[in-house]
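I opened this notebook to record what I looked up about the sheet and the cores of one model. The entries follow the order in which I consulted the structure.

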Amino acid sequence: MTDLYYPFLEKVGILWQSGDVNPAQEHFVTNLIRNKIISATEQLPHTYNPNAKTFLLMLPEGEWHEITLLFANYLLKEARHEVIYLGQSVPYSDVLATGASKSFDYIFISSTTTQPEFDFILYLKDLGGAFPDKKILYFSTFLGKKPAELSGNHIQIRSLEDFTNFLDQLES
């Protein structure tokens with residue numbers, strides 16, 4: 001993923017922004033990678049982990065780029081953690097409803113596109129207020145350092161290495 005797919009997707013994104021690749025071509029390539037990740041995830045053995053944590057994975061409403069979320073799902077399942085995978089473009093009310101009906105330890109959220117009407121920092125703050133007892137891991141390609149207005153239950157994931165380090169710390 002880090003050596004081949006992510007660099008490739010970055011190049012495709014640049015080509016898409018420059019108009020050298022159209023959206024259908026970008027979607028086609030992304031779907032091929034998406035299918036590979038899903039297939040690899042399904043092939044992981046299902047073994048019991050008495051120390052497993054439960055993660056709620058989702059993209060905010062209007063966000064459709066799920067490669068990062070799918071790969072996080074793979075890594076979590078490989079580490080034998082439990083996952084509640086809500087997927088793409090999840091309305092905030094559905095996140096709240098899931099929180100009321102399911103038990104989980106962490107929320108993992110990813111946002112890679114900037115929508116003019118969507119305030120990702122406000123969204124993260126709202127999640128922190130709705131789930132003050134949960135750790136909220138977030139990945140974003142358009143945020144710099146962790147914004148000061150986010151609380152201590154927010155954990156910024158800047159890279160694949162950050163996420164694997166986080167998982168390693170859970171194991172120790």
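In which sense do S4 and S5 pair, parallel or antiparallel, and over how many bridges? I found that S4 and S5 pair in the parallel sense, over three bridges. I note that the model is predicted, that local features need pLDDT of at least 70 and side-chain atom pairs pLDDT 80 or more, whereas totals for chains, interfaces and linings use all residues. Residues are numbered from 1 along each chain as its sequence is written, and side-chain values use heavy atoms, with hydrogens and water left out.

**Entry: the sheet.** I looked up the strand order and read S2-S1-S3-S4-S5, five strands in an open sheet with parallel pairing. The edges are S2 (82-90) and S5 (154-156), each of which pairs on one side only. From one strand to the next the twist averages 20 degrees. For the terms, helices (H or I, at least four residues) and strands (E, at least two) are DSSP runs numbered from the N terminus, and two strands pair if DSSP finds at least two bridges between them. Axes are lines fitted to C-alpha atoms, for helices over the stretch in contact, with angles from 0 to 180 degrees between N-to-C directions.

**Entry: a helix on the sheet.** I checked helix H4 (residues 92-101), which packs on the sheet and touches S1 and S2 (contact: heavy atoms within 4.5 Å). The direction of H4 makes about 160 degrees with that of S2.

**Entry: bridges of S3.** I followed S3 (residues 106-111) to S1 (residues 54-60), to which four bridges join it in parallel. Leu57 stands opposite Phe108 in S3. Six bridges join S3 to S4, again parallel, and Leu137 in S4 is the bridge partner of Phe108. Further along, Tyr138 stands opposite Gln156 in S5.

**Entry: the cores.** I took a nonpolar core as a set of buried Ala, Val, Leu, Ile, Met, Phe, Trp, Tyr and Cys residues joined through side-chain atoms within 4.5 Å. Buried means under 20% relative accessible area, exposed over 50%, partly exposed in between (1.4 Å probe, protein chains only). The largest core has 24 residues, and Leu57, Phe108 and Leu137 are among those that touch the most other members. Elements giving two or more residues to this core include S1, S3, S4 (135-140) and helix H3 (67-78). H3 supplies the largest share, eight residues. A second, separate core of 17 residues includes Val90 and Tyr138.

**Entry: S4.** I found five of the six S4 residues buried.
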